[in-house]
Amino acid sequence: MKNTNNLTIEELERRIAHFEDRLTDFIITEEQRELIKESLRELKNTKERKVS
């Protein structure tokens, strides 16, 4: 995923919600699921740093 440090809190929250929704998609592969989880971790870590 590209640099998430320049994103606003609102954009981070929007992307987090998007990826969380994707995890409930029944047509994604396990590999895609792992990539989504990794993206979620990165976004949530960035948001946590910005909020603190």
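**View 1. Glu 13 and Lys 47 form a salt bridge, with closest N and O atoms 3.2 Å apart.** A salt bridge here is a side-chain nitrogen of Lys or Arg within 4 Å of a carboxyl oxygen of Asp or Glu. The pair links distant parts of the chain: Glu 13 sits in helix H1 and Lys 47 in helix H2, 34 residues apart. Helices are DSSP runs (H or I, at least four residues), numbered from the N terminus. Glu 13 is partly exposed at 37% relative accessibility, and Lys 47 is partly exposed at 24%. Buried means under 20% relative accessible area, exposed over 50%, partly exposed in between (1.4 Å probe, protein chains only).

**View 2. Salt bridges that share partners join Glu 11, Arg 14 and Arg 15 into one network.** Glu 11 meets Arg 14 at 2.7 Å, N to O. Arg 15 bridges to Glu 11 at 2.8 Å. Arg 15 counts as buried, at 17% relative accessibility.

**View 3. Eight residues make up the largest nonpolar core, among them Leu 7, Phe 19 and Leu 43.** Helix H1 (9-22) and helix H2 (30-51) each supply at least two core residues. Such a core is a set of buried Ala, Val, Leu, Ile, Met, Phe, Trp, Tyr and Cys residues joined through side-chain atoms within 4.5 Å.

**Notes.** The model is predicted: local features need pLDDT of at least 70, side-chain atom pairs count only at pLDDT 80 or more, and totals for chains, interfaces and linings use all residues. Residues are numbered from 1 along each chain as its sequence is written, and side-chain values use heavy atoms, leaving out hydrogens and water.
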